[in-house]
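Have a look at the model first, then try each task before reading its solution.

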Amino acid sequence: MMKEPIKPKYGLEPWTADLGDGTYRNPILHADYSDPDVIRVGEDFYMTASSFGHIPGLPILHSKDLVNWRLINHALQRMPLEGYDRPQHGNGVWAPSLRYHDNRYWIFYGDPDVGIFMTTAEDPAGEWSELHLVHAGQGLIDTCPFWDEDGQAYLIHAFAKSRSGLKHRLCLRPMSPDGKRLLGEGQIIFHDSQRHPTLEGPKMYKRQGYYYVFAPAGGVENGWQAVFRATSPYGPYEERVVLIQGASQVNGPHQGGWVELESGESWFLHFQDKGAYGRIVHMQPVAWVDGWPVMGNAVDGNGVGEPLERYRKPDVGREYPCEVPTASDHFAASALGVQWQWQANPSDTWYSLSQRPGWLRLFAQPRLNREDTLFHAPHLLLQKFPAPSFRVSTLLDISAAPAGVEAGLIVFGYQYAAFRVCCSKSMNTRKLQLVYGNEDQETVIWEAPIEANQVVLRADVHPGARCSFGYSLDGEHFEALNAPLFQATVSKWVGAKIGVYAKSDVVKDQTTSAIKEQVPPGWAEFGWFTVSALDL
């Protein structure tokens, strides 16, 4: 008889922006919500972000005060394009824009290889429409719709040089009011590669008679935020740099969204490229001076701001409870927690939450090619790093894992670490292994035999995204691995992720969809996945 599952230990959230005294600290989200865009609808705020090839995509976050956020949905449940049965690292959803118009929510984004897509919904927490291809074309990225007061509609976008050969330009095009098609080529409204190289990520607004385009330049690591204004949609536009790193620790502060409150306050949400942690989200107060936004701390009085580390919370009329996007999952619901993403379009044959209630069963998936490492595996179940430091623990049950199956905890990026139980074919034994790998190869760093059917695997992520590992056979006493720390890394345009997986050593025949080696695939089961603060 299976013994009682080892119970998890819970801790405090590893990162909260709300300091509980009427102030907040940056970042408001220490997680990889790249290229964020934000809107206000009445008393509610919504945010989306880039998701690239990860599924589900187009995250939808909700807040009442711009500081405390909850992940409530994904607008894109599956990618309907060919090729997404395998990982598409760096492709897919680039820099979406979120808008509310005509009593509906709209998201537009550019796929650099396909064109401009749109999806819409009446309820952001509900079902979104199927993707609609607004305009086909390569290199059309960072799209943002704009509906003017006279009924005219427009779409502004940038260009990906890798696909189009163009760069540093912002283009404005007329669009049908229903958002379904572009009506012409439009025109370049700004191009100055000397003053604003790598100009991208435009967001278009209108305020007190001026048309404004908020757009970053200079590149994600060391760039700045610029704002352009004109009295006509097509310009001519004046320009001004409004946010730079300056003396702060926030490099490349740019690309995001502006939002105005019922109280009249203005705020700007933007990202910071923080290496392995991805593009994390900051928020700056905005003051309007002579028709220009002044962001953050304008220390020199010249209208150019620097990011703030701490500031009073937005005036939304009342206080709201502290909240962060959920990270832990107890697998007790009928669906996976909304924080999870796969590396490609998932299959129902990959997992089950019903066959053993209260457990996540991952069916061991075959390799597509013998030489593939986990970097190429579509069935990794991952989530974002939620803080500068944190602890992840998961209960793994391998009683149904036959020879040739491996399962465990993984820290994923261009370089990855897999802390796994490996069921050996040759010796018919089980080993607990720590493996460091990349796109081309894996190296066993540490290993030890294991006889137990259940083991708690633990990963500690230390400041700087350096990771150590440990395990327990009783849930109380942990053995730290005598292994060098693993340095987590980015993947293509995204930060490091952490999660679980199960893999079989069999190879799938791509021509017949049959399995070349007749080995029972088996499965591994996870009793819980907890994310908590790390006591340093």
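Some ground rules come first, then the exercises.

This is a predicted model, where local features need pLDDT of at least 70, side-chain atom pairs count only at pLDDT 80 or more, and totals for chains, interfaces and linings use all residues. Residues are numbered from 1 along each chain as its sequence is written, and side-chain values use heavy atoms, with hydrogens and water left out.

**Exercise 1.** Find out what average pLDDT the chain has, and where pLDDT is below 50.

*Solution.* Start with the average: pLDDT (the predictor's confidence in each residue, from 0 to 100) comes to 94 over the chain, and 95% of the residues score at least 70. Next, look at residues 514–520, where the pLDDT is below 50. Where pLDDT is low, the predicted coordinates should not be read in detail.

**Exercise 2.** Describe how β18 sits in the structure and how it pairs with β19.

*Solution.* First, check burial (buried means under 20% relative accessible area, with a 1.4 Å probe and protein chains only). Six of the seven residues of β18 are buried, so the rest of the structure largely encloses this strand. (Strands are DSSP runs of E, at least two residues, numbered from the N terminus.)

Then turn to the partner: β18 pairs with β19 (residues 266–273) in the antiparallel sense, over six bridges; pairing takes at least two DSSP bridges between two strands.

Finally, follow the chain between the strands: five residues separate them in a hairpin, and Gly 264 in the turn has a positive phi of about 95°.

Note on methods:
Contact = heavy atoms within 4.5 Å. Buried < 20%, exposed > 50% of the residue type's maximum accessible area, 1.4 Å probe, protein only. Helix = DSSP H or I, 4+ residues; strand = E, 2+ residues; numbered from the N terminus.
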